[in-house]
Amino acid sequence: MVQLYNLHPFGSQQVVPCKLEPERFCGGGRDALFVAAGCKVEAFAVTGQELCQPRCSFSTLGRVLCLAYSEAGDYLAVIEEKNKATFLRAYVNWRSKRTENCRVCIRMLGHNVEAPFNETYKDQMSIIEMPLSEAPLCISCCPVKGDLLVGCTNKLVLFSLKYQIINEEFSILDFERSLIIHIDNIIPVEISFCIGYVALMSDLEVLILKLESDPKNGESVNHQPPKTNNPMKQTEDVSNETLQLESDDFVICQKPMELLGEKSSQSGISVTLESTGLADEKTKYYHVQHLLYKRFAPDISSYVFSDDIKLHSLQLLPIYQTGSLTSGRKNLSQEKELLSLFCFFSLPHVGYLYMVVKSVELMSVYQYPEKSQQAVLTPQFLHVIASNNLQCFTVRCSAAAAREEDPYVDTTLKACPPVSMDVCALRIQLFIGLKAVCHFKNHLILLTKADPEAIPERRDSPKRLLSRKGASGKLKAPSVAEAGWNLYIVDTISPVQLYKEMVDYSNTYKTAKTQSCIHLLSEAHLLVRAALMDAHQLEPGEKAELLEAFKESCGHLGDCYSRLDTQHSHLALPYYKMSGLSMAEVLTRADWVLEDGSQKYERGLIFYINHSLYENLDEELSEELAAKVVHMFHAAEPKQLPHILCSPSMKNINPLTAMSYLSKLDTSGFSSILVTLTKAAMALKMGDLDMHRNEMKRHPEMKLVCGFILEPRLLIQQRKGHIVPTDLAAHLKDTQPGLLVASVLGLQKNNKIGIEEADSFFKVLCGKDEDIIPQLLVDLWEAQLIAGLPDVVLQELFYKLTSQYIWRLSKRQPPDTIPLRTSEDLFHSGRGSKAETSPGAYILKDVCSHSQINACSHYGLIYPWVNVLISSDSLADKSYTEDLSKLQRKRRFRITWRTFPKLCDSSLPRIPPSPHRFDMSVCFGPQSL
């Protein structure tokens, strides 16, 4: 379905000052426009808003039947007719032709130019003759490499663009016939070529091929032309069959068919490659891949004009990688990197747009309000001309290319309007007598001819129209010049200006809460996105303006999805992210009040706020906005309220306001634990310690641990990439350290926090430097040892504990807090535990076993330093005795000193050197060891 909006995509209009009535015209590059009439070609310069200025004119060797311009190489390819014979020529260095009577050099394809002629070639136009064994029917230039593809009867000929180097300072453009593509059973009427992709079209058939340059993926090409049957015999057979069918008044009409991908090779059209290039050619095509075959069947229920059942406007549109172009102007087109490719073709009343790079699929179908004559596809629009109007449709090329370029599109990070979204018509501009159209940059070239008298056309029999061998391949001579013609240049307005008009237009749908608002804003977003993908044609100021419009469009789409209750309301999150708006700005611009004065919060806004608060954004909401958020979730998602209050962004919430909403919640199941812990945190924030203790006593400690596991941000938060303990965690450190350690252990066991994060948490909580190990962290390590966490490398854990015990003993450094477990606790807790049977739980065995101690060759004889550790001076404090007892109790875990040196093996995880790594040789000297 095509939606219609009355917008104004067209801007200024001017007339091309042609001297003769145009028959053919084309444009391209930065400013080139060519107009052909008879045997003369006029070249014009089209620059910005200035008037079109004549640049030069030159005579061709024959009447121009078809012409195409290539920006790569800056040449004009022309099919000419003279004495009922057609020729193919390329006009190069045409910008050097100042006057019509200037000298012109004519040379043959591949002709070696001698060095004395270099100065002559620099300052004069050259005509390159390209001989062909068959008459050329159509031509197409590759927009990236500048290669020329020529369509003939049953074959395509590829001429590769190259440069002849005359000397170090000068080279001339030339061509080489490198490949012949033999195609049976189809006569090309139009062709299009782009970086190995070939599209050809007959009256009712379209075939898209890809020339592969990898010899491993297919058979090698033939170097001899394929054998064919006698063409005279084929012609006689076809003629006899046609006469027989006509005499019997039968009409053979083939069924419509569409074959995609590999299935398109079953179309019955034979394609073979014949290599004619040199062996050292850089790009060689070895085999062909079929991408698409589509055949249409005309409606023969009534006699119709021949043009009513013919295809037209075949075109391949490339979109390049953003930012892959250099700033230099020279050879700009050769530095483009293909991102995506699209193919368009049209019947008089229906147009088809396909994507053909990674996968072949139909993107859009365009229904025209009246019969079309020609169409041109651009990255932003599809322009279609009818007899008396110019129609402008939107396209989905940028939406498809965005998904090819960025893998994060269609995630919670980024979004883009879908390719399947309905297209729309932006404008139907009246023009009298439109005949032809072409496009380059932001210019539309329109040819109009007024028909003073309507001349009835002869209607052909449908039987003759359906013949594949019809006369469609021949270019008919133009009719006698009619009075009243004009060649117009119509400029499309800047993308930013049209974007603003679309946004203003969408405001009419804003209060209606319909999908039309989203649709029109999506069109505006794709318009800006398409302009940014063509950024190599933009000035720095224009690109900055487009980027600002892009962010603004994302904000508008986020508003729509957050306000409207749709199945895609979750898209509010990625669009708001892409807009660059802060959470406070989104909350400020959100419209919550309905027409009846009530308030309703749609799913899109709830989803965005909820997800943003979970992302630990470094943004703190004001007290007023935080209160609005609490009110919002209490009304829409009450179960999420405890989680919302634990977000760092809600730091400024009034605890009295939070307590009032928490008191209204239904406390059942695990939600009651979360509500209790959140109330305790708020009571602590209020300074009400009695209320805090009462809340903490509502549930046993094991359930409180489950509550912390459900919401880790009650204890640990992240701000600007750093771990920050909460006020509740600091209070538990002083009042309930065992609950705190058990909760962090539970978070580790449920993969809510990593090992290094837990270590950093306790160091920050206890206010210790990176080199100081607090006792609470040692308590956590001992708890990990008993719990036998699966993600903990036990060898490393034992090493850290042993190093800490020895370091404290050697430095006579008591623990900063009372240890939560004694050596007896560790012994009894370790019996039958997972740590006892874990395969990695072996470092110490019996410290008093003299024979096993002396078996350790890595540290030498350890027994002397054990005597030092157990001397009376070292046991002055009870904590020293406890540390040594824990060191000895390791034997209960079936740990042997014999395997202790394995910790230093390079194959095991190593801990970076730190002061808590005890070096016995430093403390006791090598003699004592």
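This is a predicted model: local features need pLDDT of at least 70, side-chain atom pairs count only at pLDDT 80 or more; totals for chains, interfaces and linings use all residues.

Q: What share of the residues in the protein chain is buried?
A: Of the 929 residues in the protein chain, 51% are buried. Buried means under 20% relative accessible area, exposed means over 50%, and partly exposed lies in between, with a 1.4 Å probe and protein chains only.

Q: Why is Pro-22 called buried?
A: Pro-22 has 0% relative accessibility, and therefore counts as buried. Pro-22 is located in the loop between strand 2 (10-15) and strand 3 (24-28). Apart from neighbours within four places in sequence, Pro-22 is in contact (heavy atoms within 4.5 Å) with Val-35, Ala-36, Leu-447, Lys-449, Trp-485 and Leu-487.

Q: What makes Thr-492 count as buried?
A: The relative accessibility of Thr-492 is 13%, so Thr-492 counts as buried. Thr-492 belongs to strand 32 (residues 485-492). Once neighbours within four places in sequence are set aside, its contacts are Pro-9, Phe-10, Gly-11, His-383 and Asn-442. Thr-492 and Pro-9 are 483 residues apart in sequence, yet their C-alpha atoms are 5.6 Å apart in space.

Q: Why is Glu-615 described as partly exposed?
A: Glu-615 has a relative accessible area of 30%, and is therefore partly exposed. Glu-615 sits in the loop between helix 10 (603-614) and helix 11 (623-636). From C-alpha to C-alpha, Glu-615 and Ser-647 are 8.7 Å apart in space and 32 residues apart in sequence.

Q: What makes Asn-751 exposed?
A: Asn-751 has a relative accessible area of 60%, so Asn-751 is exposed. Asn-751 is placed in the loop between helix 18 and helix 19. Its phi is positive, at about 60 degrees, although Asn-751 is not a glycine.

Q: Where is Asp-410 found?
A: Asp-410 lies in the loop between helix 3 (397-405) and strand 29 (424-430). Asp-410, a residue other than glycine, has a positive phi near 70 degrees.

Q: Why are helix 18 and helix 19 called roughly antiparallel?
A: Helix 18 (residues 737-749) and helix 19 (residues 755-765) pack at an angle of about 155 degrees, with their axes 10 Å apart. Axes are lines fitted to C-alpha atoms, for helices over the stretch in contact, and angles run from 0 to 180 degrees between N-to-C directions. Angles under 35 degrees count as roughly parallel, over 145 as roughly antiparallel, 65 to 115 as roughly perpendicular and the rest as oblique. Helix 18 and helix 19 are therefore roughly antiparallel. The contact involves Leu-740, Val-741, Val-744 and Gln-748 of helix 18 with Ile-755, Ala-758, Phe-761, Phe-762 and Leu-765 of helix 19.

Q: What makes helix 18 oblique to helix 20?
A: Their axes come within 10 Å and cross at roughly 50 degrees. Helix 18 is therefore oblique to helix 20. Among the residues making this contact are Val-741 and Leu-745 of helix 18 and Leu-780 and Ala-783 of helix 20.

Q: How do you know that the span of helix 20 is close to the expected one?
A: Helix 20 (residues 775-787) has 13 residues and reaches 18 Å from its first C-alpha to its last, close to the expected 18 Å. The expected span is 1.5 Å times one less than the number of residues.

Q: Why is helix 20 described as largely enclosed by the rest of the structure?
A: Twelve of the 13 residues of helix 20 are buried, so helix 20 is largely enclosed. Its buried residues include Gln-775, Asp-779, Trp-781, Glu-782 and Ile-786.

Notes:
Residues are numbered from 1 along each chain as its sequence is written. Side-chain values use heavy atoms; hydrogens and water are left out. Helices (H or I, at least four residues) and strands (E, at least two) are DSSP runs, numbered from the N terminus.
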